[in-house]
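Reader: I've just opened this one up and I'd like a quick tour. Could you walk me through it?

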Amino acid sequence: MSSNIQDVIRSPDNIVIVGGGLAGLFCALKLAPHPVVLVSAAPLGEGAASAWAQGGIAAAVAEGDTPQAHAADTIAAGAGIVDAEVALTLAREAPARIDDLLRYGVRFDRDLEGRLAVGREAAHSARRIVHVRGDMAGQAIIAALTQVVRHTPSVNVIEGFVAEALSTADATVTGVQLRKADDITARPVTMAASAVVLATGGIGHLYAVTTNPPQASGLGLAIAARAGAAIADPEFVQFHPTAIMVGRDPAPLATEALRGEGATLINARGERFMQAHHPLAELAPRDIVARGVFAEISANRGAFLDARVALGGRLAEKFPTVHASCLAGGIDPAKAPIPIAPAAHYHMGGILVDAHGRSSIDGLWAAGEVAATGAHGANRLASNSLLEAVVYATKVAEAIAGQRRRLPVVAPVEAPRPRNGAFPAVAAKTLRAMMSSHVGVIRNGAQLADAIRAFAAVERDSGNIALKNMATTALLAAASAWNRRESRGAHFRSDHPSEQPVLAHRTITTLAAARDVAEMLCERSREPIALANACLEET
Ligand SMILES: Cc1cc2nc3c(=O)[nH]c(=O)nc-3n(C[C@H](O)[C@H](O)[C@H](O)COP(=O)(O)OP(=O)(O)OC[C@H]3O[C@@H](n4cnc5c(N)ncnc54)[C@H](O)[C@@H]3O)c2cc1C
């Protein structure tokens with residue numbers, strides 16, 4: 001049900017869910033018939049990474065497969081820091097959540113006997129990816145859930161509003177500050193709330209090269225951190241090795257299945273380069289391939305996916321999405337290699353939550369990619385993220401429904417009027433470029449230190465709330481990457497290239513701790529940082 005913001009803004013007992021992707025929609029439906037307000041920056045179905053998922057959802061539903069095997073694969077992928085209990089819970093609850101999705105109208109593909117068809121993906125020891133019409137899982141799931149939500153009277157949908165800050169009193173959430181997405185100079189409004197569920201997705205769009213939608217720029221993580229919430233594992237960002245570089249932002253994906261079909265990775269001289277990095281060459285784990293591609297590009301040799309021999313004319317039929325993306329960029333992949341680069345794809349870190357999705361701040365919950373449950377460790381196993389979104393959205397809903405906090409009725413907070421000019425587009429672009437170059441696929445202490453000093457200055461001094469929030473999340477990721485003096489999973493430090501057993505634990509941090517790192521680095525070096533100046537001049 002679509003609602004006018006004025007109808008709901010003043011009720012202090014609101015349960016506000018921020019985010020219209022899989023985690024937000026699922027949580028709203030699981031809370032029904034409890035009334036909830038669902039706020040989304042973009043219209044439902046748009047601006048959500050969920051709708052772009054091509055693979056599907058991992059669930060041990062096939063004969064012979066078990067939740068224990070699924071959990072073991074998840075733990076192995078996470079490079080030593082997955083919370084084993086969380087991984088097992090995800091795997092155990094997967095079949096029930098798939099049943100929920102079927103009930104909400106998602107038509108997963110079935111085999112000839114009518115059982116759920118399951119595909120195989122990298123690092124899964126069994127066929128366990130349920131999918132829809134081949135590579136249309138995300139779109140089909142979001143379309144089905146959007147329709148159910150629109151017909152659920154308990155869900156008040158507020159579209160086109162961006163959450164930019166939380167209101168708190170006595171370390172408890174009392175509301176969320178919202179601003180019109182298409183009019184950022186408009187005065188913000190504060191919606192009173194007894195519970196706020198952040199389901200705002202990832203941080204990929206903080207990077208210059210990403211597969212994520214523009215709404216995935218880490219705002220949810222930032223507003224939680226600014227309110228004092230504990231943040232976990234922000235340094236762990238998964239990069240997809242083969243984003244298609246045809247001048248599009250976000251960049252379209254060339255699925256791993258192409259390499260599975262024999263497509264090779266070559267540089268501009270036509271040399272295959274992955275054989276030098278791993279015995280499995282192009283089929284090595286995702287983070288290793290991403291680093292191999294990054295190294296070629298950094299050495300100015302360029303990187304390309306060559307499907308001419310392996311697929312040739314068959315590519316158009318077998319991979320229509322990839323084919324269309326190439327043609328739109330003026331490349332015929334049957335005749336020419338596809339230019340590629342690694343792209344920020346998934347954030348393992350996020351708002352630290354417990355087994356019920358509860359953050360460290362009373363009344364604040366998180367589910368989906370913005371949350372850090374402990375399931376992914378240093379590297380996410382393919383197709384576990386949609387699963388985590390539905391499992392934790394359910395847990396949050398059950399916990400909120402079970403223990404509704406009765407708040408004294410408070411008058412709606414008069415919104416402050418933070419100075420907020422037009423969005424500083426050049427500054428945001430500069431910040432994204434620095435995330436890619438300094439906090440990207442291959443990191444080192446000196447570059448991270450420069451990034452931290454720059455992001456901290458923008459976080460502290462920017463007059464634009466959107467840029468400030470972007471810099472907040474960027475600062476958290478960079479400071480934790482600087483602190484982790486080892487390489488583990490998706491986090492690779494060229495100055496600390498091996499894994500350190502003593503660091504086999506998760507990072508738990510806060511914005512205050514990240515600012516302390518920045519302050520210490522600023523004392524060490526007073527050299528001006530061009531990025532910070534460029535960003536601050538524009539705001
Ligand atoms: C190209 C691509 C392919 C993928 N394929 C798979 C796959 O096959 N399997 C798999 O498991 N995972 C896959 N993933 C990852 C997966 O899609 C995401 O991790 C998952 O969808 C996240 O769901 P979410 O609900 O947390 O976030 P999203 O689906 O991103 O939804 C976030 C929502 O929050 C809104 N929002 C954000 N910030 C604000 C704000 N400040 N105020 C208001 N609203 C806000 C957005 O508009 C959006 O509605 C893929 C990701 C990409 C990019």
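**A sheet and its aromatic pairs**

Author: Happy to, and keep in mind that this is a predicted model. Let's start with two strands: strand 1 (residues 15–18) and strand 10 (residues 195–198) run parallel and are joined by 4 bridges.

Reader: Which residue of strand 10 is the bridge partner of Ile15?

Author: Strand 10 covers residues 195–198 and runs parallel to strand 1. Look there for the bridge partner of Ile15, and you'll land on Ala195.

Reader: Which strands stand at the edges of the sheet, each with a single partner strand?

Author: The sheet is open, with 5 strands in the order 6-2-1-10-17 and parallel pairing. One side of each edge strand is left without a neighbour in the sheet, because each has a single partner strand: these are strand 6 (155–159) and strand 17 (364–366).

Reader: At about what angle to strand 17 does helix 11 run?

Author: Helix 11 (residues 384–402) lies across strand 1, strand 10 and strand 17. Its angle to strand 17 is about 155°.

Reader: How many residues apart in sequence are the parts that Phe26 and Tyr104 tie together?

Author: These two form an edge-to-face aromatic pair, 5.7 Å centre to centre with 90° between the planes. Phe26 lies in helix 2 and Tyr104 in the loop between helix 4 (84–103) and strand 4 (118–119), so the pair ties together parts that are 78 residues apart.

Reader: Is Phe26 buried or exposed?

Author: Buried means under 20% relative accessible area. Phe26 has a relative accessible area of 0%, so this residue is buried.

Technical notes: Residues are numbered from 1 along each chain as its sequence is written. This is a predicted model: local features need pLDDT of at least 70, side-chain atom pairs count only at pLDDT 80 or more; totals for chains, interfaces and linings use all residues. Side-chain values use heavy atoms; hydrogens and water are left out. Two strands pair if DSSP finds at least two bridges between them. Contact means heavy atoms within 4.5 Å. Axes are lines fitted to C-alpha atoms, for helices over the stretch in contact, and angles run from 0 to 180 degrees between N-to-C directions. Rings of Phe, Tyr and Trp (its six-membered ring) pair if their centres lie within 6.5 Å; planes under 30 degrees apart count as stacked, over 60 as edge-to-face and the rest as tilted. Buried means under 20% relative accessible area, exposed over 50%, partly exposed in between (1.4 Å probe, protein chains only).
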